[in-house]
Amino acid sequence: MSAQLKTFHGACPHDCPDTCSFVYTVENDRLVSVKGNADHPMTNGGLCVKLKDYDERHYNADRVLFPLKRNGPKGSRQYVRITWESALAEIRQRWTEIIARHGSQAILPLSYLGNQGLVHGITAGDAFFNRLGATVCEKTFCASGSSTAWLITVGPTGGVDPESFVHAKYIVIWGCNTLSTNLHHWPFVRRAQENGAKIVVIDAYKSLTAKKADWHIAPKPGTDGALAMAWVNVLISENLLDNDYIGKYTVGFDELKERALKCTPEWAEQITGIKADDIRKLAREYATVKPAAIRVGVGLERSAGGADAIRLAAILPALIGAWRHVGGGTLEMPVWEFPIHWDRVCRPDWIPDGTQVVNILQTGRALVGELPLKTPIMSLFVYNTNPVTQAPESDKTLAGLRRDDLFTVVADQFMSDTASYADIILPDRTVDSMLELDLGGKTLRLTAYPTAHTHSDLSVLDVDTGTLWLGDLLFRERLPSFDGSVLGWLKVIGTLEQEQGVRTVIPGHGPVGEELKAALADEKRYMETVVAEVRAQIADGKDIDEAVETVGLSERGRWQLWDQQHKRNVSRAYTELEWE
Ligand code: SF4
């Protein structure tokens with residue numbers, strides 16, 4: 001490697017369950033390639049077709065690189081370049097006038113998951129707009145139903161680890177076209193299939209994944225809940241249950257039984273179009289071939305009653321005790337599974353009492369006056385989303401964006417359909433290693449890290465005050481959760497310990513600290529203990545089941561969330577370290 005060639009780590013910002021680990025190569029300050037990280041067990045060196053030319057996107061001639069001001073009709077895409085000072089001055093002036101005339105709720109921030117990162121993602125900007133007293137944007141395009149259903153059924157866990165699917169002998173992929181939309185999970189499913197696992201795909205159409213399955217079950221669209229109830233019916237009526245597990249670890253079985261016994265396979269056949277005998281066969285195989293794993297995709301959620309179907313998919317493994325086995329259970333990946341203090345990022349306590357709320361699904365209606373809002377929307381600030389193409393009722397969204405009296409600001413990397421109706425466009429930026437933001441009298445230093453807690457950890461240092469915001473890189477008193485790489489995280493802690501000039505440390509979890517090294521000490525000790533003991537277990541030929549029961553016990557009693565998190569951590573550390 002020449003002296004000018006440098007590599008940096010990052011993560012895919014897309015809204016995708018794979019969260020690929022990126023390696024950026026920079027030559028003489030120019031990005032020359034973005035590749036999948038070959039050292040990362042899920043990414044395994046490959047990116048999907050959407051991202052494989054990401055470096056070309058970075059230098060695409062159509063990128064918005066400077067603030068722009070509209071000088072033609074809305075939608076005409078006629079803009080002139082202006083300075084940041086002019087852009088900010090105009091926004092300030094227009095918002096001051098709007099607030100004086102209508103109140104601050106006349107401003108509606110619109111954002112979603114244009115970037116999936118914790119700092120730049122779905123909650124970015126909330127604190128600012130809450131402080132301003134703007135209308136609250138309720139963000140529920142997707143995952144709200146499934147995440148809520150999952151959490152009230154199973155609790156704050158992502159379910160079975162995607163890598164553990166290699167251990168399964170019966171895999172049900174339900175409402176998910178893995179080969180197209182969760183590509184990096186497929187090698188684990190494929191390996192299980194090569195080891196003798198049966199792959200069942202439940203999908204209303206013969207997807208690419210369904211074509212590779214051993215059995216494709218095609219219910220009518222939106223009838224998965226009925227299929228699941230009949231599945232539960234067979235498990236109960238044929239006593240294919242793990243009664244010990246149900247007795248010890250579940251609640252509400254009697255109520256479920258009462259309802260499910262009415263939902264026979266014959267009843268479900270009428271609704272789903274799946275033969276009753278096939279439903280019986282599915283339930284029997286699922287209960288008897290162990291370990292059995294279910295991957296629930298977003299397809300299950302996208303219909304009326306979808307959340308209830310997700311609840312049933314979460315109940316099934318409890319009925320047969322599948323959670324007992326490595327590679328058994330259900331994987332759903334709810335966006336809220338992580339024990340993150342969202343309120344510290346979003347500051348809902350800054351929302352004034354009585355502030356009106358607009359659901360992002362009703363953007364168009366809010367703009368054309370079809371919602372009963374006490375304050376009309378007179379300005380939009382759009383970032384991380386493109387409502388013209390993403391929100392329902394595009395005709396109403398467009399009609400609203402064309403309003404002469406609506407002042408619209410859009411921050412984007414490209415001239416999106418929504419940006420072409422903006423009065424002011426602000427260019428978005430990406431952070432691949434370090435970025436200093438001069439806010440005028442205050443400098444913020446943003447640093448991106450290689451895979452540690454996750455694949456996209458970022459710290460923010462307020463240089464003047466020495467305040468370091470570490471987000472998920474620092475857990476205090478609450479047990480850290482291993483979601484990226486424990487070895488990578490320990491390496492990053494080593495780097496952070498060298499950081500100079502820090503006077504206040506703000507963790508993502510737990511109390512604020514003053515001395516950086518001391519603040520990092522507990523999570524470092526915990527991780528080193530787990531790593532050392534897991535390595536010893538592997539060297540002794542102990543399997544993952546034994547490791548989760550014995551590793552790290554000296555740390556118990558020192559951490560909150562121990563019961564929810566520790567065994568999962570050990571299992572993740574084991575799967576990382578067994579390849580050393
Ligand atoms: S599969 Fe593609 S979109 Fe998904 S995380 Fe990987 S690179 Fe990003």
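Q: How do the axes of helix α8 and helix α13 cross?
A: This is a predicted model. In it, the axes of α8 (residues 224-237) and α13 (residues 306-320) come within 9 Å. They cross at roughly 20 degrees. Angles under 35 degrees count as roughly parallel, so α8 is roughly parallel to α13.

Q: Why give both an angle and a distance?
A: Two packed helices are described by the angle between their axes and the distance between the axes.

Q: Is the crossing of α8 and α13 left-handed or right-handed?
A: α8 passes α13 in a left-handed crossing.

Q: Which residues of α8 and α13 meet?
A: On the α8 side they are D224, G225, A228, M229, W231, V232 and L235. On the α13 side they are D308, A309, L312, A313, I315, L316, L319 and I320. By class, this contact of α8 with α13 has 12 nonpolar, 1 polar and 2 charged residues.

Q: Next pair. What angle do α18 and α19 pack at?
A: About 155 degrees, with the axes of α18 and α19 10 Å apart. Helix α18 covers residues 486-496. Angles over 145 degrees count as roughly antiparallel, so α18 and α19 are roughly antiparallel to each other. The crossing of α18 past α19 is left-handed.

Q: Which residues meet there, in α18 and in α19?
A: From α18, V486, W489, L490, I493 and L496. From α19, L516, L520, K524, M527, E528, V530 and V531. The contact of α18 with α19 divides into 10 nonpolar, no polar and 2 charged residues.

Q: And how do α19 and α21 cross?
A: The axes of α19 (residues 516-539) and α21 (residues 562-577) come within 10 Å. They cross at roughly 60 degrees. That makes α19 oblique to α21. Here α19 passes α21 in a right-handed crossing.

Q: Which residues make the contact of α19 and α21?
A: α19 brings V530, V531, V534, R535 and I538. α21 brings N569, V570, A573, Y574 and L577. By class, that is 8 nonpolar, 1 polar and 1 charged residues.

Q: Let's zoom out. Which domains is the chain divided into?
A: Domain 1 is 5-58 and domain 2 is 68-142 + 341-427. Domain 3 is 145-332 and domain 4 is 434-577.

Q: How far apart are domain 1 and domain 4?
A: Their C-alpha centres lie 23 Å apart. The contact takes 6 residues from domain 1 and 5 residues from domain 4.

Q: Which strand gives the largest share of the domain 1 side?
A: Strand β1 (residues 5-11), with 3 residues. By class, the side of domain 1 that touches domain 4 has 1 nonpolar, 5 polar and no charged residues.

Q: New topic: the ligand. Which residues are around the ligand?
A: They are C12, H14, C16, D18, T19, C20, L47, C48, K50, L51, L183 and H184. By class, this shell has 7 nonpolar, 3 polar and 2 charged residues.

Q: Which residue has a positive phi although it is not a glycine?
A: N28, with a phi of about 50 degrees. N28 is in the loop between β2 (21-27) and β3 (30-36).

Q: Why point those out?
A: Most residues other than glycine have a negative phi, and most peptide bonds are trans.

Definitions and conventions
Residues numbered from 1 in each chain as written. Predicted model: local features only at pLDDT ≥ 70, side-chain atom pairs only at ≥ 80, totals over all residues. Domains from an automatic or database assignment. Contact = placed C-beta atoms within 7 Å. Helix = DSSP H or I, 4+ residues; strand = E, 2+ residues; numbered from the N terminus. Nonpolar A, V, L, I, M, F, W, Y, C, P; charged D, E, K, R; others polar. Axes fitted to C-alpha atoms, helices over the stretch in contact; angles between N-to-C directions. Parallel < 35°, antiparallel > 145°, perpendicular 65-115°, else oblique. Left-handed = near helix turned anticlockwise from the far one by under 90°. Near = placed C-beta within 6 Å.
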